[in-house]
Amino acid sequence: MREMSEKWRWVLVFFIVCILGWRPSSINAVTDPNDASALKIMFTSMNNPGQLSGWNANGDDPCGQNWLGITCSGQRVTEIKLPNLQLSGSMGYNLAPLTAVTNLDMSNNNLGGNILYALPPNLTRLNLGGNTFNGGIPYSISLMTSLQYLNLSHNQIQNQLDDVFGKLTSLSVLDLSFNTIPGNLPESLSSLTSVTSMYLQNNQLTGTIDVLANLPLQTLNVENNKFTGWIPEQLKNINLKREGNAWSSGPAPPPPPGTPPATRNRIHKSPNSNRSSDDGGDGGKSSGIGAGGIAGIVISIFVVGGIIAFFLVKRRSKKRSSPDIEKINEPFAPLASNEVQEMKSVQTSSTLDTKTFDAPPPASINLRPPPIERHKSFDEADVVVVSKKPVVKKKSVTAPINVTSYSVADLQMATGSFCVDNLLGEGSFGRVYRAQFDDGKVLAVKKIDSTVLSRQSPEEDFTEIVLNLSHLHHPNVTELMGYCSEHGQHLLVYEFHKNGSLHDFLHLSDEFSKPLIWNSRVKIALGTARALEYLHEVCSPSVVHKNVKSSKILLDAELNPHLSDCGLANYIEQANEYLSSHSDAGFNAPEILMGNQFSVKSDVYSFGVIMLELLTGRKPFDSSRPRSEQSLVKWASPQLHDIDALSKMVDPALEGLYPVKSLSRFADVIALCIQAEPEFRPPMSEVVEALVRLVQRANMSKRTIGTESFKRGESSEIPDNFS
C-alpha cells in the first residue's frame, strides 16, 4: 500500500512538471523591470490602444504575457514591431532603458509630435516612416553607431538636417523622403561609408549634392528638391533619380590644378579583372607602363607646371606690387563674432561689376579676403578699395525702428537719477533699475557697464546689440522696449515684471508670501523651456543664452515666466571669458568648468539645474549645508529615479501637495538635462514636449489648484492644462 501511495506521489509530481513545462512563458518569464516600465509608459502615451492585444498599463511582464509586437530574449525586450496599427499619440518620453532592443518599427501609424529623443540606444533598425512626426531628427540618433537602417520618410519633418551622421558608419539605408526638410546637406553625410541606398526625394533641400560624391551608393533619389550645381561624375553611373531640381547646364568646371582624380569608396571589379594575362606571357606583369602610368605622368606634369607657374607669377607680381596688394598679403587678426556677421552681410549684399573687374591670371589670384578696418564706424559707409578688385561697400548698422529711443534725461527722471531705492539688481553686464514714467508706465532699465563694450567702437557695438535684441519676440522672453545711447551712456529698456525673479520666490520669500504650488512650478519650467526652444531652434542663427539661472527668470502677475538677458551675451565680445569666471556656482555645465565654449547643450544643463531648484527648493550651491549636499546636482542626481528618495527631496514648502506621477516624470526630464556628457542632453524641443505631456496627463489634483496670493502680486487660478 505504501508502495502504491509513493508511486502516485511521483505520478502527481510528474504531472505538475509537465504542466509547468507546457506553459513556461506565463510562469517563468519575468521581464526586466526597466523594460516593462518603458513599455507601459509607451502604451499610455499612445492613448491605451485596444488593438494592442496583451498590452496592459498595469502589466509588468510583456515577455511572459505575450504583448503584441514584442520579442524577447530571456528577460530583455529585443524587438518592438507595431506597424500598420493606426496607433496615435506619441511613443512616450523615455525608451532609453530598452538597451537590448535592436529593431524598432512603428511605421505607418498616426504617431505625431517631435521624434522621441530618448530612443533605444543600440538599434540596428529604426523605422518611423508613414507617421506625422514633425520638428527635426533628434541628436540621439547620432550616437547609434550600430544603426544599419533608418527610415523617417512620409512624415512632416521640417527642420534643417544637423550634423548627426558622422558616427553612423554602419548605416546602409537612409530614407528621409516625403518630408519638408530645408537647407543644404550636412557635411557629416560624407561619413556614411557603408550606405548603399539613399532616398531624399520630395523635400525642400538646397545647395549641391557634392557631399555624396564619394559614398558607395548604388541607389540615390533626389527628385523634387531645390538642388543646384552639377551632378558629380561619381554618381552618374549608379541608379540615380534626379528630376525636379535646378541643376546647372553645360559641362562642370574643371577641378583646380593638382586636384587628384575623383574616387569612390566602392570596390569595383573591372571587366578584365578576372582575365589571365595571356597576351603578355608574364602572368600579370606588363611590359609597358600602361594607361594608368601614363595618366599619372600627365597629372604630375600638370601639377609641377602649375607650381612653377604659380611661383613665376608670384615673383613677377612682387616686382610690380602696389601698396594695396601688399596690404592684402599682410597677416590680420581674427575677426570677432560680430565682425564675422558683418563680413557675411557684406558678401551677400554686394554685387560685382564684372565689366570693370580686370582679372589677373588664375595662378595669381589671392583667395584671402581684403582686410577690414576693425573698429571704424559703419555709419560712414566706407568703401574698401583694392587695386583691380571689386568695390565693396560696408553694410551700415542702423538703429531698429520697432523700439523707442530714450534720452538720458528721460531715464534719469524715471529712475530718480538711478538712485539705490530703484535698484532691482545687478546682472553680469550692468545694474538694473526700476523706471516709472510720467504716464504711469513702469519699465526696467539696464545700465550696460562700459567695460564690456569695445573701447575702440562702443557706439557701433551697442547699436548692433540693440538691433539684434530687437528681433527677439516670444511670450516667455523679456521684451526689449527701448534703448539710450548718449554722452557715453548705454542703456537697454525692458518690460517690467512685478513679481521679480524665480530666485527670489524660491529662496528669499518672507512670512507674508506663500510658496509656489506644484502647478506653478511646472508652469514656470514649461514657459522657460519654451523660451530656450525659441532661442535655440527658432532663431536663425541659434541664440545661446550662456547665463541661464533662476535670477534670470522673471515672473509676471500671473506667474508666467519671462527669460531675461536673452541674446545679450552673444553680442558682447568678452562675454564667454567673463561668464565662465563670474557665473553663479552650480549652474554651469561640466564642460564650461573645463574651459570649453558655451553652447545650446550647456543652456540645457543650466535649465535642468533650474528644474532641480523648482523640485527641491534648494539653491544650486549652498555652502551652509553639509559637504555632501552643497552641490545640488551631485546630491540630487543619484536619487532622481528612486521614488522613495525623490519624495524626501521635494521642497518641504509644498507640504506633500503634488501628484506622485507628475513628480516622477518631472524628475525624468531633469535627469536627461543634467547629464555630464553634452551629447546626451536633449534639445529643448524634446524637453518642451515632455513637459507638455506631463501637464496633459498629470490630471492635476484639485487639492493643488487654487488662487495664490503673494506680497509681490496676485496670481490667477492655474488651470489643469496650461499647455
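Q: How many bridges join β3 and strand β5 (residues 110-114)?
A: Two strands pair if DSSP finds at least two bridges between them. Here, β3 and β5 pair in the parallel sense over 2 bridges. Ser88 stands opposite Asn110 in β5.

Q: What am I looking at, and how are residues numbered?
A: This is a predicted model, where local features need pLDDT of at least 70, side-chain atom pairs count only at pLDDT 80 or more, and totals for chains, interfaces and linings use all residues. Residues are numbered from 1 along each chain as its sequence is written, and side-chain values use heavy atoms, leaving out hydrogens and water.

Q: Which order do the 3 strands of the open sheet with parallel pairing have?
A: Strands (E, at least two residues) and helices (H or I, at least four) are DSSP runs, numbered from the N terminus. This sheet reads β3-β5-β7. Because β3 (88-89) and β7 (132-134) each have a single partner strand, they stand at the edges, with one side left without a neighbour in the sheet.

Q: In what order do the 9 strands of the other open sheet come?
A: Follow β1-β2-β4-β6-β8-β9-β11-β13-β15, with mixed pairing. At the edges stand β1 (70-73) and β15 (239-241), each with a single partner strand, so one side of each lacks a neighbour in the sheet.

Q: How do strands β11 and β13 run where bridges join them?
A: They run parallel: 3 bridges join β11 (residues 197-199) to β13 (residues 219-221). Met198 stands opposite Leu220 in β13.

Q: Which strands does helix α3 (residues 33-45) lie across?
A: Helix α3 lies across β1 and β2 (76-81), where contact means heavy atoms within 4.5 Å. Helix α3 runs at about 25° to β2. Axes are lines fitted to C-alpha atoms, for helices over the stretch in contact, and angles run from 0 to 180 degrees between N-to-C directions.
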